[in-house]
Amino acid sequence: GRGENAGSRRSFARPLMFRIVIPARYASTRLPGKPLIEMAGKPMLQWVYGRALACEAREVLIATDDERIERVARQFGAEVVMTSVDHVSGTDRIAEVAELRGWADDEVVVNLQGDEPSMPAELVSQVAQLLLADPEADIATLATPIRDREEYFDPNAVKVVTDGSGRALYFSRAPIPWFRDGVTEEGGDLGLARRHLGLYAYRVASLRRLSSLPPAPMEQAEKLEQLRALFNGMKILVGEAARRPGPDVNTLADLAGAEAALKEDLPSVCD
């Protein structure tokens, strides 16, 4: 039965209740072939795959439209799903995987981007558990406190504001919430400001719906796909990340810092 014992065992059973898809594309405006760039002796994509395996998900798949990525991924033992070349986002690519695999509407899938080698495995599990715990939520994601003025005003650092229950109200590249009385040089009064992490868990039904909707006006203005979900009344739950991930890799200049972060964090990749 599913009585008291089921609750006590939940922490062991629940990690197997979600899947991970890693969308990876070769074309990148700032850094072509990014998922295949070598970092600390391995392709970036292999580091991401290692993070995913550490989560004990039901299944881990790499989704791509590029034969170069497929070949490298299969060489390090990953299962690859080839998808259409027409997708404009990782969300659309994952929606195609869900269709190809025939996943049920109530299943949970995590979008772990193929260029996030410094995303801790525990955050991947955290975002999945967040969605699993709230049957009414369509999507779950994570945020972390803004550290300083530079990050607060950086348009590449996406900010998120939530209501009291953790439901997303808005995402923006602009500094939100805006502090009418100003922000000190030290940035010490930025407590309310939170940076959004590009990590999502979706219910498959919500993923299908999202990928079928046209782009929303505010999505096109901000270039933030998650605003399509908000525009159409979908519930996005935002959790406080258990830890801060390592640096993003958007340019060649970012590689050194990301490699250093990987070497410091090797144990969590190999759990």
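Helices (H or I, at least four residues) and strands (E, at least two) are DSSP runs, numbered from the N terminus. This is a predicted model: local features need pLDDT of at least 70, side-chain atom pairs count only at pLDDT 80 or more, and totals for chains, interfaces and linings use all residues. Residues are numbered from 1 along each chain as its sequence is written, and side-chain values use heavy atoms, without hydrogens and water.

**View 1. The whole protein.** Twelve helices and eleven strands make up the secondary structure of the protein. Of its 271 residues, 52% are buried (under 20% relative accessible area; exposed is over 50%, partly exposed in between; 1.4 Å probe, protein chains only).

**View 2. Arg195 in strand β10.** Strand β10 covers residues 194–203 and includes Arg195. Arg195 is buried, at 17% relative accessible area. Its side chain makes a polar contact with the side chain of Glu151, at 2.8 Å. A polar contact is a pair of N or O atoms within 3.5 Å; within protein, one must be able to donate a hydrogen and the other to accept it, and residues adjacent in sequence count only if both atoms are side-chain atoms. Leaving out residues up to four places away in sequence, Arg195 also touches others (heavy atoms within 4.5 Å), including Leu142, Asn156, Arg244 and Asp248.

**View 3. Helix α5 and its packing.** Helix α5 spans residues 90–101. Its buried residues are Thr91, Asp92, Arg93, Ile94, Ala95, Val97 and Ala98. They pack against β1, β4, β5, β6, β10 and α8.

**View 4. The end of α5.** Gly102 follows α5. Its phi is positive, near 70 degrees.

Note on methods
Expected span 1.5 Å × (residues − 1).
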